[in-house]
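Please read the points below with the model open beside you, and check each residue as it is named.

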Amino acid sequence: MNKIELQDKELKAHIDSLPKDEMSVFVMAEGRIRGALFHGTRFVNQARLQHNLGILETMIFGNACLCGALMIPTMKGQEHINWRYEIDGKAKGFNVEADSKGFVRGFLLNERIPVDKPLENWNLSPFLGKGFMTFTTIRPNEKNHQESTVQIDSCNIAKDLAWYYKQSEQISTAFNTSIQMDKQGRVIGAGGMFLQVMPETGGTKKNGSVKNSSADVKADEKLLERAELAFKTAPSLGQWFSEKGTHEDIIYGLFREFKPSIALKRDIKFDCPCNKEYFLDYIKRLPKSEVEDIKKNGPNPLEVRCNNCGSIYTIDCSEI
């Protein structure tokens, strides 16, 4: 990826003053619930720079990419997920890819969303709509990729993603993403969090030989209700990270009754493995007639743009 550097000195100084972008993966309630908290201010700014996005487009794509990042801790081993979100609203949708190595990339299906009147708030539902989202899971050495599609109509990206996990994976999951902008429309804070209830294996805690009692089931339901309530009372994560808030204060403060423990921290980046050599090799593999036409009629040099990260590569016809 040709990484585009931030030129706004004031915004850069603010971002440099913040803690690093990082994801904290944690468990709580004796392992019944796992979660992740991601500070992604630089992450969202990089996504915006790569695609040269406006304010509205940044809000939609940024929240989608934050959700993509939050799916990484749910992956098993080496996995790569492609998330296609297609709707009938003006935004049209997006395509986001997340890799277990810690990379996210993608693009909006409409990078210039029409706006009829000035925005009064950050409610994105007027630009979303009904549609479908498809998940394709790619694993090494597997010829057939796993694919599943669900219908969506909540006009809320995070809720739609939680709905997918409930319908397709049969796992109760909640997502919360937030982007804070200043009066100039600059991203000064961004973050996301998810909680996921681990599947109940059945049996007693001692030997797993019998099913849980009705009392255990009710106690479990109350536990999940309390965890959900705590999750909903989280502050705006975009504002929290813009004001230099820490992971520990959120995790150990918000969920203290569930005795959380941070298992690990990891880097998550908006990045893409594309390079000039990849596209040059692709062009060389085109039908011979097309290659000859390019050499003869140009344009020279060729400009090739990567849809997933907006990188532009210049290729001279003599290199083909």
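1. L128 counts as buried because its relative accessibility is 4%, where buried means under 20% relative accessible area, exposed means over 50% and partly exposed lies in between, with a 1.4 Å probe and protein chains only. The model is a predicted one, in which local features need pLDDT of at least 70 and side-chain atom pairs count only at pLDDT 80 or more, whereas totals for chains, interfaces and linings use all residues. Residues are numbered from 1 along each chain as its sequence is written, and side-chain values use heavy atoms, with hydrogens and water left out.

2. L128 is placed in the loop between strand 5 (103–108) and strand 6 (131–138), strands being DSSP runs of E with at least two residues and helices runs of H or I with at least four, numbered from the N terminus. Not counting residues up to four places away in sequence, L128 touches several residues, among them I60, Y85 and I157, a contact being heavy atoms within 4.5 Å.

3. Y85, leaving aside its neighbours within four places in sequence, is in contact with residues including L128, F132 and M133.

4. The largest nonpolar core has 68 residues, and those with the most contacts inside it are F43, I60, W83, Y85 and V104; such a core is a set of buried Ala, Val, Leu, Ile, Met, Phe, Trp, Tyr and Cys residues joined through side-chain atoms within 4.5 Å. Helix 3 (residues 55–71) gives the most to this core, with 11 residues.

5. L119 also lies in the loop between strand 5 and strand 6, but L119 is partly exposed, with a relative accessible area of 38%.
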